[in-house]
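Subject: Structure handover

Hi,

Here is the structure I promised to pass on to you. My notes on what turned up follow below it.

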Amino acid sequence: MVSDGDRQELTRRRKVLATKRREYDEDDVRVRPGKSSRPRTRTRPQHADAVDGFVIAVDRGRYTCVLSGAERGVVGAELPTVTAMRARELGRKSVVVGDRVSLVGDTSGAEGALARIVRIAERRSVLRRTADDDETTAEGRLERVVVANADQLVIVSALADPPPRTGFIDRCLVAAYDADVEPLLCLTKADLAGPEEVLGYYTELELPYVLNRPDSDLDALRALLSGKVSVLVGHSGVGKSTLVNRLVPDALRAVGVVSAIGRGRHTSTSAVALRLPPVPGVDTDPGWIIDTPGIRSFGLAHVSADSLLHGFPDLVEGTVDCPPNCPHTADEAECGLDAWVAAGKADPRRLASYRRLLASRAGEGDSRGDSDQRGPGEGDRRGPDE
């Protein structure tokens, strides 16, 4: 049996334990927070020692850069390159050829050295394209940045083998005007056909152009490229890689052949910036060219309807007499563009091309066939993928 003294002792101990339990509060609890809930109190580095660079190539998460100053350094000297990766603080920001970046880490350019890109300078121009024209489709929402900070878009088109595709040229012009980049039309294979039809199509635009033959010098083209960052775009088989190899003999870009049905094969597989060799006796910067892979289409889902019209400057003035919110389609009876063309102030083919782009943006047409549009009498009008 438990005596009265034992009961009193047990009661006293319970009271002591209860008193001790009440003495604890939340300040006595030490819980280590989870990794995801830790407050970010660390001050981010300012990278005051970062050096500026220019991205000339991108390959599977590695970025080849030349240091600022080296890109305009000793003419004729081989440019030292630095391999870099993106720093975590960049988040989802993409790095593309033509970007001006800030580099930290090992910028020696030695074999195995790896720097980090910690900042991307504000882009003065961004050339974009989409896989489709209709922004409601998955392809239309997939926007690709072709290149950043370009001064000039060189649209390379063959006059024959394969024949010129004015629909594709129109698309490139829209993209150039939308990106605030100056266009330049480069017509290759001028030994096989004359440029009259193509140039006549763009008479109202006063579009700068240059003709190239296999045996002609490139002085006129070099003068137009001097001191600028120029992007070369064109269908496969138009002679773009051959032209690049002539401009930069050390480039060694792969050259393909045109098939029996007039289609080229993709030979350039990635965009790369190449410094033009200096012109003898000239101290000015020779400039850079950015060679891009041959593309089948140039989607414009990222371009608004208003910006699309500004890609056709020869038609803009004709919209003055249009009613408010005019869609400029062929179904709009009061559209002033029809009267503008009927008065001979613009080429009817340009209006047709503009309306095809409008229809393609609305998902009513085949952007592939539009991009492959050819001039009268040029036969096969199939799209490049058909």
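Let me start with helix α6. Its buried residues pack against β8 (152–158), β9 (182–188), α5 (219–225), β11 (229–233), β12 (272–275) and β13 (288–291). Please keep in mind that this is a predicted model. The helix spans residues 240–247 and is mostly covered, with six of its eight residues buried. Those are K240, S241, L243, V244, N245 and L247.

One of these residues leads on to the salt bridges. The whole structure holds eight of them. In one, K240 pairs with D291, and their closest N and O atoms are 2.7 Å apart. Because D291 sits in strand β13 and K240 in helix α6, this pair ties together parts that are 51 residues apart in sequence. Both partners fall under the 20% cut-off for buried: D291 has a relative accessibility of 0%, and K240 has 5%.

A second salt bridge joins the side chains of R350 and D314, at 3.0 Å from N to O. It links distant parts of the chain, as R350 belongs to helix α10 (residues 348–361) and D314 to helix α8 (residues 313–316), 36 residues apart. R350 and D314 are both buried.

Helix α10 also contributes R355, whose side chain meets that of D338 in a salt bridge (3.0 Å, N to O). D338 lies in helix α9 (residues 336–342), so the pair ties together parts 17 residues apart in sequence. Here R355 is buried, with a relative accessible area of 14%, whereas D338 counts as partly exposed at 34%. Salt bridges with shared partners also join D170, D314 and R350 into one network.

Which peptide bond is cis, with omega near 0°? The one from D161 to P162. P162 is placed in the loop between β8 and α3 (166–178).

Two residues other than glycine have a positive phi. N149, with phi near 60°, is in the loop between β7 (143–148) and β8. K189, with phi of about 60°, is in the loop between β9 and α4 (196–201). Are they buried or exposed? N149 is buried, with a relative accessible area of 3%, and K189 is buried as well, at 18%.

Technical notes
Residues numbered from 1 in each chain as written. Predicted model: local features only at pLDDT ≥ 70, side-chain atom pairs only at ≥ 80, totals over all residues. Heavy atoms only, no water. Buried < 20%, exposed > 50% of the residue type's maximum accessible area, 1.4 Å probe, protein only. Helix = DSSP H or I, 4+ residues; strand = E, 2+ residues; numbered from the N terminus. Contact = heavy atoms within 4.5 Å. Salt bridge = Lys/Arg side-chain N within 4 Å of Asp/Glu carboxyl O.
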